[in-house]
Amino acid sequence: MKKRMLGFWEIWNMSFGFLGIQMGFALQNANASRILQIFGADVHELSWFWLIAPFMGLIVQPIIGHYSDNTWTRFGRRKPFFLLGAVLASIGMVLIPQADFMIAILPALWVGAGMLMIMDASFNIAMEPFRALVADNLADEQTTKGFSIQTALIGIGAVIGSWLPWVLTNWFGVAKISAEGTVPDNLLWSFIIGAIVLVGSILVTIFTTKEYSPEELAKFDDEAAHLEAIKVEGEQPKAKLTDIFEDFRKMPETMRQLSWVQFFSWFALFGMWVFAVPAIAQHIYGLPHEDSSSEMYQEAGNWVGILFGIYNGISAIFAFLLPIIAKKISRKKTHAYSLFAGGIGLILIYFMPNPNWLILPMIFIGIAWASILSMPYAMLAGTISPKKMGVYMGIFNFFIVIPQIINGIIGGPLVKYAYDNQAIFAIIVSGISFIIAGLLSFKIKDKLDFKNND
């Protein structure tokens, strides 16, 4: 038996919850550094606060993946997990820009970091089962299309999240400046709206998407072959949390090759997200590195939100082209060339003469982002058993979070001591990291390449 081929709108609805998840991520990525600086963080400390995100991913995703693989309720296999994650993440989103309300108990910076931790843990609870759900429900021939549609929804959500603070100010007159040590109203309301959209979009997926039961999955060709292999080897299927370590040891060859590509890709992304606001405020707007509260700094922060929306918008458009390009030149080459484009884009930021010219690099970065969100998962999905889809998607996240942890530890000191507080050089290093990831992509052994050659 093979899985049923799904129509466009079925795949769209299955991934619709990612629109809300990525809207929340976009608000965090574009504004968390600014909020933490408002609450008192220095620029060289930002990467340390951002370590919360990868540590949460490192811990949460494999555990959630394992339990979602081995849990079945009347509400489904993956659905209960991403609903719980959405509710918890929405709480963190509402509270992080209002962290100063607890200043009588704890410093606002501590509370803000705590809310960031809640958001990141919850995003990971919601996100990992979503990746597994797409792989669960789609045949190998549809995984590239499925993850591309998911990428398009991610892009749309990210555009909305990135642009929302600017829209609230320029279209609705919501204040963009505030008293020192407090977050402007446009950011506060953006996070509240994002929390509402997050929960609403998750509910769309829950009410429109059917999951295969474990019994149904066992009848499909790939899973049947996996179970037969276990029988031949005399092993018994297990469902213990400690199996994660054995699964890590036995990861497929393609996954090992992808791990190095992911490492350098996400090292680059972390540097961009953490240092984009201070880098652009200093290098393009000419502000001193100590400035984190002036009206011009807030203007730079709002413009970074617009730029992040642009690269996410480009990714949403380019995502629909990825299956076509991949079919012509292969998935690994598509990914390699996309990463080269992202590297060029990040390096170009250094040479842009004014804020408007920064739109050009964002086009290149958007191409890379579209591929990062789809091609690695499409190549991975066909190499692992459906019964282990959740845990391996969680383990795959190791190669997303470990480079972020490394960058988070060394990024701040590098900016302070090696780059003389000029964050733009962290952006250039990120561009070089993208190019290295692109070169490593050529070494990937993609299962679909072998099928097409048969």
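A residue is called buried if its relative accessible area is under 20%, exposed if over 50%, and partly exposed in between, with a 1.4 Å probe and protein chains only. By that rule, buried residues make up 60% of the 454 residues in the chain before you.

Good morning. Please keep in mind that this is a predicted model, in which local features need pLDDT of at least 70 and side-chain atom pairs count only at pLDDT 80 or more, while totals for chains, interfaces and linings use all residues. Residues are numbered from 1 along each chain as its sequence is written, and side-chain values use heavy atoms, with hydrogens and water left out.

I begin with the overall fold. The chain has 21 helices and zero strands; these are DSSP runs numbered from the N terminus, H or I of at least four residues for helices and E of at least two for strands. A contact means heavy atoms within 4.5 Å. Of the contacts in the chain between residues at least 6 apart in sequence, 83% join residues at least 24 apart. The accessible surface of the chain is about 17,800 Å², and carbon and sulfur atoms account for 68% of that; such areas come from the Shrake-Rupley method with a 1.4 Å probe, and for residues only the protein chains shown count as cover.

Let us turn to the surface. Leu83, Leu84, Val87, Leu88, Ile91, Leu203 and Phe207 form a nonpolar patch there, with about 600 Å² of accessible area together. Patches are made of residues with over 30% relative accessible area and no salt bridge, where nonpolar side chains (Val, Leu, Ile, Met, Phe, Trp, Tyr) are joined within 5 Å and like charges within 9 Å. A salt bridge, in turn, is a side-chain nitrogen of Lys or Arg within 4 Å of a carboxyl oxygen of Asp or Glu. Which helix gives the most to this patch? It is α5, with five residues. Both α5 (79-95) and α8 (185-208) supply at least two residues each. Phe207 lies in α8 and counts as exposed because its relative accessibility is 70%.

Leaving aside residues up to four places away in sequence, Thr143 touches Leu138, Arg331, Ala378 and Ala381.

Next come the aromatic rings. Rings of Phe, Tyr and Trp (its six-membered ring) pair if their centres lie within 6.5 Å; planes under 30 degrees apart count as stacked, over 60 as edge-to-face and the rest as tilted. The whole structure holds 21 aromatic pairs. Phe263 and Phe264 are edge-to-face because their planes stand at 75°, with centres 5.2 Å apart. Trp266 and Trp369 are also edge-to-face, at 5.9 Å centre to centre and 70° between the planes. That pair links distant parts of the chain, 103 residues apart: Trp266 is in α12 (residues 253-283) and Trp369 in α16 (residues 359-372). Both Trp266 and Trp369 are buried.

Finally, consider the backbone. Most residues other than glycine have a negative phi. Asp420, however, has a positive phi near 55°, and Asn421 has one near 65°.
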